[in-house]
Amino acid sequence: MKIAVLGGAGFIGSAFVRELNKRGIRPIVIDLLTYAGRVENLKDTDHEFVKADIRDQKLHDILREHKVEVVINFAAESHVDRSIYKPQDFVTTNVLGTINVLEAARRFNFNYVHISTDEVYGEECGDESSPLNPSSPYSASKASADLFVKAYVRTYDVKAIIVRPSNNFGPRQFPEKFVPKAIIRTLLGLHVPIYGDGKQERDWIFVEDTARIIADLLDRAEWRGEIYNITGKQRFTNLELVKLLSEVMGKEVRIKFVADRPGHDRRYCMNTSLSYQVTPLKDGLRKTYEWYLENEWWWRPLINDKFFKEDEPWKS
Ligand SMILES: NC(=O)c1ccc[n+]([C@@H]2O[C@H](COP(=O)([O-])OP(=O)(O)OC[C@H]3O[C@@H](n4cnc5c(N)ncnc54)[C@H](O)[C@@H]3O)[C@@H](O)[C@H]2O)c1
């Protein structure tokens with residue numbers, strides 16, 4: 001099977017490339033290498049790399065020349081705080097970029113896996129049939145893209161599925177996100193900013209589980225626009241997560257309450273129609289902590305990033 005992984009130099013995309021390698025598949029990775037994409041994330045993997053923008057027409061030439069049969073799209077602007085600070089890139093990459101990939105699917109007839117998020121459902125609990133109710137510019141852009149996937153399936157018979165994972169954590173996650181930020185800031189002796197009262201609930205899943213579940217879907221999907229939620233079934237508040245991290249790290253994670261992020265969802269709470277096992281949260285956090293401890297060379301160059309350094313980085 002000839003597979004292209006868009007955004008394969010990012011956090012989940014690079015874990016997915018590792019999962020494909022385990023299954024004997026050498027994918028083509030197509031990535032623009034934005035601030036979040038790093039070739040270092042693909043160290044020791046077997047792949048062909050092409051630098052390209054999913055918004056660019058050249059993407060079509062690359063997919064045609066490689067005769068791809070399946071395209072998995074992880075390429076996105078993925079950080080909610082950044083979407084509050086500057087929403088425009090979220091529209092061009094997440095919405096227009098997706099439409100460009102869908103146009104390629106229409107032309108070349110490959111099977112398309114669109115990676116969405118649990119955030120499109122907003123705070124209400126539900127399943128794959130629940131309505132879209134996004135709160136942030138990020139989740140609004142993801143929900144818009146999902147609607148275009150549905151429209152292309154219906155109008156042009158594009159063969160596609162939509163996958164909606166919950167909060168991922170694990171090795172190689174950019175330090176702007178909560179778990180790596182908490183680990184790295186604690187290693188550096190800094191406080192960890194907690195938005196609002198810290199009682200927002202998130203549903204956590206270890207990134208290797210997400211990668212495995214998506215890879216399994218390639219065999220069972222019907223490619224008729226069906227939606228698959230991928231939840232870790234492990235809901236914890238941010239304060240509870242910090243407590244678990246302190247236990248795993250064997251040191252206090254020093255917190256500081258700061259202003260809440262505007263539009264902050266109190267919880268995500270989706271169910272899934274799929275059945276699978278996941279890594280227990282504490283075991284996943286331990287593996288994640290050990291990785292950051294052993295790979296300071298990976299995160300040290302990133303600690304001057306505004307979204308790692310500042311307590312309320314969405315403010316200008
Ligand atoms: N991380 C999570 O907890 C989570 C949860 C649910 C869904 N998701 C979704 O999963 C996908 C991957 O998330 P992630 O956390 O790995 O993100 P990430 O920010 O770590 O990686 C995104 C990757 O996309 C690339 N990219 C960005 N814009 C591009 C463009 N225009 N053209 C080509 N490549 C581009 C970046 O260089 C980077 O390699 C995203 O669609 C995200 O919305 C993430």
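Start by selecting Ile72, which touches Ile3, Ala4, Val5, Leu6, Phe16, Val113, Ile115 and Leu218, leaving aside residues up to four places away in sequence; contact here means heavy atoms within 4.5 Å. This is a predicted model, where local features need pLDDT of at least 70 and side-chain atom pairs count only at pLDDT 80 or more, while totals for chains, interfaces and linings use all residues. Residues are numbered from 1 along each chain as its sequence is written, and side-chain values use heavy atoms, without hydrogens and water.

Together with Ile72, they touch the most other members of the largest nonpolar core, which has 33 residues. Such a core is a set of buried Ala, Val, Leu, Ile, Met, Phe, Trp, Tyr and Cys residues joined through side-chain atoms within 4.5 Å; buried means under 20% relative accessible area, with a 1.4 Å probe and protein chains only. Helix H7 (207–220) is one of the elements that each supply at least two residues, and H7 gives the most, with 7 residues. Helices (H or I, at least four residues) and strands (E, at least two) are DSSP runs, numbered from the N terminus.

Now colour the strands. In what order do the 7 strands form the open sheet? The order is S3-S2-S1-S4-S5-S6-S10, with parallel pairing; two strands pair if DSSP finds at least two bridges between them. S3 (48–51) and S10 are the edge strands. Zoom in on His114, which stands opposite Ile162 in S6.

Finally, select helix H5 (residues 137–156), which lies across S5, S6 and S10 at about 155 degrees to S6. Axes are lines fitted to C-alpha atoms, for helices over the stretch in contact, and angles run from 0 to 180 degrees between N-to-C directions.

Definitions and conventions
Buried < 20%, exposed > 50% of the residue type's maximum accessible area, 1.4 Å probe, protein only.
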